[in-house]
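Work through the exercises below with the structure in view. Try each task before reading its solution.

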There are 2 protein chains.
Amino acid sequence: MDYRETARAIKADSTKLGALSGETRNEALGAIRQALITNKEKIFSANREDMAQAEAEQLAAPILGRLKFDEHKLADVTDGIESLVKIPDPISQTVFRRMLDDGLLLEKVTCPIGVIGVIFESRPDALVQISALCIKSGNCAILKGGSEAARTNRALFDVIREAGLAAGLPEGFINLIEDRSGIDALLMCDDAVDLIIPRGSNAFVRYIMDHSRIPVMGHADGICHIYVDQDADAEKAVRIILDAKMQYAAACNAVETLLIHKDAAERVLPLLQSMASDKIVFKGFGDVQKMISCDPATEDDFSAEYLDFILTIKIVNSIEEAIQHINRYGSHHTDCIITENDAAAEQFMTYVDSAGVYRNCSTRFADGFRYGFGAEVGISTGKLHARGPVGVEGLVTYKYKLYGDGHIVGDYAEGRRAFQFRDL
Amino acid sequence: MDYRETARAIKADSTKLGALSGETRNEALGAIRQALITNKEKIFSANREDMAQAEAEQLAAPILGRLKFDEHKLADVTDGIESLVKIPDPISQTVFRRMLDDGLLLEKVTCPIGVIGVIFESRPDALVQISALCIKSGNCAILKGGSEAARTNRALFDVIREAGLAAGLPEGFINLIEDRSGIDALLMCDDAVDLIIPRGSNAFVRYIMDHSRIPVMGHADGICHIYVDQDADAEKAVRIILDAKMQYAAACNAVETLLIHKDAAERVLPLLQSMASDKIVFKGFGDVQKMISCDPATEDDFSAEYLDFILTIKIVNSIEEAIQHINRYGSHHTDCIITENDAAAEQFMTYVDSAGVYRNCSTRFADGFRYGFGAEVGISTGKLHARGPVGVEGLVTYKYKLYGDGHIVGDYAEGRRAFQFRDL
């Protein structure tokens, strides 16, 4: 079967899925949760094969950690499904009802987006989370996971698909792409796929954006800043910088550039260096090189996402210079000011044009779970539709329903009738 | 000055505009309204020159009608500004406040999108409406109007710019592109322009989408359907079809394809033909050709946006066939069912995947003014961010503000602290 025809069939099924009651979708989630527990040995066994191959190929420890799917990860995802069942139905919600005129009623009602393609890293738990978010929001999912997790993904997919179909979900509710060429086929289906959410390397996200007409939600870069203000508490600053850089350096919300006010540099930089105890490579721009031992930084470093224990440091003369730097070189992801000065904090948080603007806390908090969304489908650095960590509400759109009884525009255009606009 | 530098300067000004109070932005709108009235003779005079040239070039009557800017149009746009001043400030609104933990407060707050490029047809009133919507929502505007209105647009722009600057808006709040090459320059500025709203021909919108990385909000086609159900009232159906086709055939919300249930065709089609009294060219598919005099239709007609007094007609065997046809060939703009049967109406409105799903009223109601939005920046057939007619709320995004006091993620990851998630 041609992949475009397959995509159209999924599209047709998406209207069926969106028309199911919230109760049916919740029951399907419950059945899937139970099936994952019942079939856990089959899943763990597939994962052991993936892990064995990954170890034989000597993949790095953090990749192995994400790849592993064990009792602990199973508990996480089944807990996640349980909390998703409990939240209110995000679709079929009336946003407003308005009488445009006697007998002419306008309703704005939430509904699913339709068909969503998600391309994600080698984390099998992500497959379960994304599937559950899509079912909750009434969207059909086309999934492509990292190849290192191929066997685990297949096992999880089989369990979810079988349980979902038995619970009454339509045939196309979940779909798995198992080879890289399937991604290019997916990108061509702009008449059937409504949204692509790529999670992965910057180059990959950029590739997706440049090779498809399908809207993309995601982030191409995570260049996060911490600005240490002249009124910063030095110990607080160092504690936050170390967490933001070292707690998980490969994350998009890790800090890449430290901007420091000239009047705070002497207090903070030597303390930072001593507390980092050689675990961070500092790249100093300009005068920073005179204050601590560091490698030299160039302007290119301001646009670099290291995803490693490397931190660029630049001294600024004012908060305005810091804001300007962030808006110019940053990726509008998450940026933080360290200050005890309320006015400076408000200035920074108003003028910095990022999805997350923080005061006195680690940039690593930029995450759907930490924001209390229960689950996240990804983080968006775009400004349209959804910004920052995206939970189930990012998978929902709306439609307008207009109920009349023979109403025509000519009557209003020619003054025989007039609109009333009464909100109900 | 290089156009990229200009765009960056506008971008920098957009954060200033977004930081102004709602009061300041409303006062600027009031000053602009007054300046338009004070300078009306200058504007009318420029418009007379545009009109004279358009008449010399023998442009069609509807184009001349849209191009004209007189006392009547002035009253419309100044009334529009007045109602815009009265609506609540769409930015700096708190969507939610949540304590993540003691001393760690998350706020979701609305804010402007930033810099918005709008390319619009030869309607000078559109320039005023779009500028006012952007000021109300705190966005900088880059405007490109149709070349036929060049003198009027320049006069309106000069008045709006001068009054806005005098009222304290930043330098870059409004910008005018006066030649076609400026559009291509605009499309390259994806680091400074956040959104492009093209209004115009399908081919043009498609060109914009294919030649820029900047997100586009708009509609590439307006292929709207009316489905006449077996339980339709024939006279109601004909009245609505005639309005939807003839009240303004060049609009995107005019009907292009009529689908009619086989059991309603005999009752409705001859009546439609007699009421249309030769003003509509009917293109009949299949059996329709046996029932009324018409030109033959092919499958290509199902995807055609005529923008003219032409209507394709197809007989369907069921409501399901109608829904399937609309979801396959339509443009997800606005589609209507004519029926007296409540269940059929709900089925249609649930399963048709369009921004507007109507019962027993003309597709021509799909319009921001008729929905009670006061003004519209365009109509979106995309599903992300904004769908259907887009008012001021479509020009707004949000950011997350997180206030802490030395909070780090390591404490939560290692179990020393736990999230509380208390909504305030």
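**Exercise 1. Strands across two chains**

Task: Find how many bridges join E13(A) to strand E16 of chain B, and say whether the two run parallel or antiparallel.

Solution: This is a predicted model. Start with strand E16 of chain B, residues 396–407. Five bridges link this strand to E13(A). The two strands run parallel. Now pick one pair. A:Val357 has B:Lys401 in E16(B) as its bridge partner.

**Exercise 2. The side of chain A that touches chain B**

Task: Say how many residues each chain gives to the contact, and which element supplies the largest share on the side of chain A.

Solution: Take the totals. Chain A gives 60 residues, and chain B gives 60 residues. Next, look at the elements. Those of chain A that each supply at least two residues include helix H1 (3–19), strand E2 (104–112) and strand E13 (356–361). The largest share, eleven residues, comes from E16(A). Finish with the classes: this side of chain A has 27 nonpolar, 18 polar and 15 charged residues.

**Exercise 3. Two helices in chain B**

Task: Decide whether H5(B) and H6(B) are roughly parallel or roughly antiparallel to each other.

Solution: Locate the helices. In chain B, H5 spans residues 71–86 and H6 spans residues 124–136. Their axes come within 10 Å and cross at roughly 10°. Angles under 35 degrees count as roughly parallel. Therefore H5(B) and H6(B) are roughly parallel to each other. Now see who touches. H5(B) contributes residues including B:Val77, B:Ile81 and B:Leu84, while B:Val128 and B:Ala132 are among those from H6(B). By class, this contact has five nonpolar, two polar and four charged residues.

Terms used. Residues numbered from 1 in each chain as written. Chains lettered and ligands numbered in written order. Predicted model: local features only at pLDDT ≥ 70, side-chain atom pairs only at ≥ 80, totals over all residues. Axes fitted to C-alpha atoms, helices over the stretch in contact; angles between N-to-C directions. Helix = DSSP H or I, 4+ residues; strand = E, 2+ residues; numbered from the N terminus. Parallel < 35°, antiparallel > 145°, perpendicular 65-115°, else oblique. Contact = placed C-beta atoms within 7 Å. Nonpolar A, V, L, I, M, F, W, Y, C, P; charged D, E, K, R; others polar. Pairing = 2+ DSSP bridges.
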